[in-house]
Number of protein chains: 2
Amino acid sequence: MPQTSPKTSVRERLLCAADRLFYNEGIRAVGIDRVLVEADAAKASLYSHFGGKDELIATYLSRRVQASRDNIDAFVADIPAAERAYRVFDFVIAWTESSDFRGCPLQHVVSELPSADHPARAVAAEQRQYLLDQFSSWSRAAGVRDVEQTAGALMVLFDGAVAAAEQDGSQRARDARWLAERLIRGG
Amino acid sequence: MPQTSPKTSVRERLLCAADRLFYNEGIRAVGIDRVLVEADAAKASLYSHFGGKDELIATYLSRRVQASRDNIDAFVADIPAAERAYRVFDFVIAWTESSDFRGCPLQHVVSELPSADHPARAVAAEQRQYLLDQFSSWSRAAGVRDVEQTAGALMVLFDGAVAAAEQDGSQRARDARWLAERLIRGG
DNA sequence: GGTTGTATATACAGACCGGTCTGTCTGTTG
DNA sequence: CAACAGACAGACCGGTCTGTATATACAACC
């Protein structure tokens, strides 16, 4: 997520600032005034583009989620479908090794905003469905015996890799990849 | 965590109130005035027993963590050491099925308090070490070939079970148990 | 009674919170 | 030129945040 140039629209500047601050410091830890200073924007602009902080949060998460999907889709594009279920964990490893990795924004939202009717929660739920659909599809392509069970286990591994890496470092993403490969290929 | 009686010490009342509110609503979402009202306590008592909110948070997490250890230790006490690594996930399943389950308090702390020097973060780090030690010990007792790799994978499964269950429900803890057993017993 | 330890009620300070509003400015278009 | 859209600065609102300070109350003990 690059720094914005002066010519960037105020909406984009707000979203970039929110992205940096919310992800690195926490959603509730960062008030809108900090977002505004970081974005060099006026408060009225924030309320004009987003009804309020809640919608800014939901849009921030939506963009994070969309970027994640695009990255995953691009990563697996040249990988045979039968190998994607475990080789996608190479993507997770790279992510957890990146200097700006601080865990999963979706998990953060779920932690910080427990209310099921927060607009960001719908974004989170939709991403869960996407991931499950992918893992199911890839499990089927790998020819596993129990697609539903395997896809569920892969969801666990995916979440666990990211959560554990946030605390213990990227070795946990490697651990997850090791187990995912054993799960798919046996042995 | 039961309701406190009028005879309970103010420190205990504060901790019980903090426990309920922080866990259910989020640490930053709950200000100390809400803790005080819930505990029927005066502000000076809070500052007298805990230097401030940060120490209250650290103590809340420490108690959660200690309770978790006690529960796990009690749960596995009558289980042969060779079976603990996967049968501990029955404990996780029961936890994720309980009506007051809302994910892992330790993961919440890591999400909400990114600063490594927050007092609660030391509590979190110490609990990671305890879990790794347990999984290593149980993996060794199970006779697995690569103890370190297996323990790491179990850490991923543990974290993943809890994080995924917070979002998708307790079926994910069952998925984790299924994979943990396959990992330990093969097949 | 006096002393001690604990807890309380209350006021305050300064900073911050999300949101609303008004007036002004700038660049673009017809 | 006028009109407009977008963005801005700044004031304001009521409320909340954490922490500090003071006087008082109460129970237990000697």
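The second largest cavity is lined by A:I72, A:V88, A:Y130, A:L131, A:Q134, A:F135 and A:W138. A cavity here is a set of points, on a 1 Å grid over the protein atoms alone, where a 1.4 Å probe fits but cannot get out, and a lining residue has an atom within 4 Å of a point. This is a predicted model, in which local features need pLDDT of at least 70, side-chain atom pairs count only at pLDDT 80 or more, and totals for chains, interfaces and linings use all residues. Residues are numbered from 1 along each chain as its sequence is written, chains are lettered from A and ligands numbered from 1 in the order in which they are written, and side-chain values use heavy atoms, with hydrogens and water left out.

A volume is the space filled by probe spheres set on the grid points, which are joined across faces, edges and corners. Helix α7 (residues 119-141) of chain A gives the largest share of the lining, 5 residues. Helices are DSSP runs (H or I, at least four residues) and strands are too (E, at least two), numbered from the N terminus. What classes of residue make up this lining? There are 6 nonpolar, 1 polar and no charged residues. For these classes, Ala, Val, Leu, Ile, Met, Phe, Trp, Tyr, Cys and Pro count as nonpolar, Asp, Glu, Lys and Arg as charged, and the others, Gly among them, as polar.

How many cavities of 30 Å³ or more does a search of the whole structure find? It finds 2. The largest cavity has a volume of about 90 Å³, and its lining includes A:Q107, A:E166, B:Q107 and B:E166. Two or more lining residues come from each of α6 (105-112) and α8 (147-168) of chain A, together with α6 (105-112) and α8 (147-168) of chain B. By class, this lining divides into 4 nonpolar, 6 polar and 2 charged residues.

**Rings and charges**

Now for the aromatic rings. A pair of aromatic rings is described by the distance of the centres and the angle of the planes. Rings of Phe, Tyr and Trp (its six-membered ring) pair if their centres lie within 6.5 Å; planes under 30 degrees apart count as stacked, over 60 as edge-to-face and the rest as tilted. Over all chains, the structure holds 14 aromatic pairs. Here are two of them:

| Pair | Centre to centre | Angle between planes | Type |
|---|---|---|---|
| A:F135 and A:W138 | 5.8 Å | 90° | edge-to-face |
| B:W95 and B:F101 | 5.3 Å | 80° | edge-to-face |

Let's look at the chain A pair. A:F135 and A:W138 are 3 residues apart in helix α7 of chain A, so about one helical turn separates them. Are these two buried or exposed? A:F135 is buried, at 1% relative accessibility, and A:W138 is buried with a relative accessible area of 4%. Buried means under 20% relative accessible area, exposed means over 50%, and partly exposed is in between (1.4 Å probe, protein chains only). Ring pairs also link A:F135 and A:W138 with A:F89 and A:F158 into a cluster.

In the chain B pair, B:W95 is partly exposed with a relative accessible area of 23%, while B:F101 is buried at 14%.

The charged end of A:R64 sits over the ring of A:Y23, 4.1 Å from its centre. In chain B, the charged end of B:R64 sits over the ring of B:Y23, 4.1 Å from the ring centre.

**Chain A and helix α4**

Chain A has 9 helices and 0 strands. Its C-alpha trace spans about 60 × 30 × 30 Å along the principal axes, and 53% of its 187 residues are buried.

A:T59 is found in helix α4 (residues 53-76) of chain A. A:T59 is buried, with a relative accessible area of 16%. Leaving out residues up to four places away in sequence, A:T59 touches A:R11, A:L15 and A:F50; contact means heavy atoms within 4.5 Å.

B:L61 belongs to helix α4 (residues 53-76) of chain B and is buried at 0% relative accessibility. B:L61 and B:D19 are 42 residues apart in sequence and 8.3 Å apart in space, C-alpha to C-alpha.

Definitions and conventions. On a 1 Å grid over the protein atoms alone, a cavity is a set of points where a 1.4 Å probe fits but cannot get out, and a pocket is an open set with protein on both sides within 12 Å along at least five of seven lines; lining residues have an atom within 4 Å of a point. A charge sits over a ring if NZ of Lys or CZ of Arg is within 6 Å of the ring centre and within 35 degrees of the ring normal.
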